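Biologist: I am new to this structure and would like to learn how to read it. Could you walk me through it, one feature at a time?

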2 protein chains.
Amino acid sequence: MDSPKPRAVVLLSGGLDSATCCAIARDQGFAIHALSFDYGQRHAGELGAARRVAEAEGVAEHVVTSIDLRAIGGSALTADLEVPKGRSAEEMDTGIPVTYVPARNTIFLSFALAWAEVLESTDIFIGINALDYSGYPDCRPAYLRAFQDMADLATKAGVEGQTRTTIHAPLITLRKRDIIRRGLELGVDYGLTRSCYDPTEDGSACGRCDSCLLRLRAFEACGVEDPAPYATGARP
Amino acid sequence: MDSPKPRAVVLLSGGLDSATCCAIARDQGFAIHALSFDYGQRHAGELGAARRVAEAEGVAEHVVTSIDLRAIGGSALTADLEVPKGRSAEEMDTGIPVTYVPARNTIFLSFALAWAEVLESTDIFIGINALDYSGYPDCRPAYLRAFQDMADLATKAGVEGQTRTTIHAPLITLRKRDIIRRGLELGVDYGLTRSCYDPTEDGSACGRCDSCLLRLRAFEACGVEDPAPYATGARP
């Protein structure tokens, strides 16, 4: 009999990056325990996408947990602020965008850490990316290393001197186009994923927010058509 | 006109420690933004206690946010495990108790960090204690320092080189009896607080779980009667 696969907790938003990250964890031989958050995001269609991706990836388990970030506000993704549209790559590169959710990755990784401890897993995957989201403080390698150091002190395994927790961020230094290429090699169906910050009521992507523009430009650079649904006329 | 008070986020569970911590933050001149969690704890009476303490302490704001830790399980406080009763101080001192909630303080501090960022506050208070809860990995000073290092890399203020986030843990090296003495000096009404891991249906403390026993022994050492309600016959 084969020995059981090691378990990994994979943060799965339903977007392009996390779907690719999930496929990489699968490719590395982990049994995937996928974790998604219902956090009052305006783009709740992501959660449906997360469920479809989890199914397509054959995960061992998928948990959607509710957290209320609206109570603390502070982002265009959870509060009633305007999502910026039609910005150039240069405009996106200046400062921290209003779509930044304060400490979001820290909150998500904390839950992943808790679940990993329950599962006796020491591997957590997160699809963050330092290049395309250079404005987000919690997408930088130095941040991830600090989280990992903290995690080793936060848990039973750390106290008992067992294996370190590893926070895997396999996309962190990839360009969006390289993420897509890697995902296509691994058979990711990007038609299941959703990235738009401000989708239409039927779940089509707007094609004009920062996230849509990054995605569309990256598919274009790959010479592949993005299979996700866009609002009429939104595709370039 | 007086300049406005600096803001602090204070984690407020409704227990003895967090009530004392809140009073210390008030005494230090902070405007208190109290944060409590509805996390599927079996002892939900804590939340009523948190509301009463927040009111008595005259906080600027009190937010109760919902998070679902039951989805990931793993503790007697959130899952269906037996809460240990009647243990001696020596028995409590061995290993990590089943009431340990995996990564709980990391999750709570992450939310506090997010809210502090929204409030433009750099001060977070948490009533953790390294002596009475020596078995909990995330109650140790080294853990807190690592969290603080991570926090500085996780936030906008960190990126922009502004003031460091300070995680205040004023109780961390105090014995329970000294916490109570400090709180009594600051006028904390401990009759409003709840510490029991397994209260009766009417909200009375069981008097026999680790938390009740620590509390009762500490009040006894202070020569003061604990004003909180206990089940009939539960008080020593």
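Biologist: Which residue of β2(B) does A8(B) stand opposite?

Modeller: In general, strands of a sheet pair through backbone hydrogen bonds, either parallel or antiparallel. Here A8(B) faces I32(B) in β2(B). Strands β1 (residues 7-11) and β2 (residues 31-38) of chain B run parallel and are joined by five bridges. Two strands count as paired if DSSP finds at least two bridges between them; strands are DSSP runs of E with at least two residues, helices are runs of H or I with at least four, and both are numbered from the N terminus.

Biologist: Before we go on, what kind of model is this?

Modeller: It is a predicted model, where local features need pLDDT of at least 70 and side-chain atom pairs count only at pLDDT 80 or more, while totals for chains, interfaces and linings use all residues. Residues are numbered from 1 along each chain as its sequence is written, and chains are lettered from A and ligands numbered from 1 in the order in which they are written.

Biologist: What is the strand order of the sheet in chain B?

Modeller: The open sheet has five strands in the order β3-β2-β1-β4-β5, with parallel pairing. Its edge strands, β3 (61-66) and β5 (166-168) of chain B, each pair on one side only. Helix α1 (residues 16-27) of chain B lies across β1, β2 and β4 (123-125), at about 170° to β1(B). Such angles run from 0 to 180 degrees between N-to-C directions, with axes as lines fitted to C-alpha atoms, for helices over the stretch in contact.

Biologist: How many residues does each chain give to the contact?

Modeller: Chain A gives 36 residues and chain B gives 36 residues, where contact means that C-beta atoms, placed from the backbone, lie within 7 Å. On the side of chain A that touches chain B, α4(A) gives the most, with nine residues.

Note on methods. Contact = placed C-beta atoms within 7 Å.
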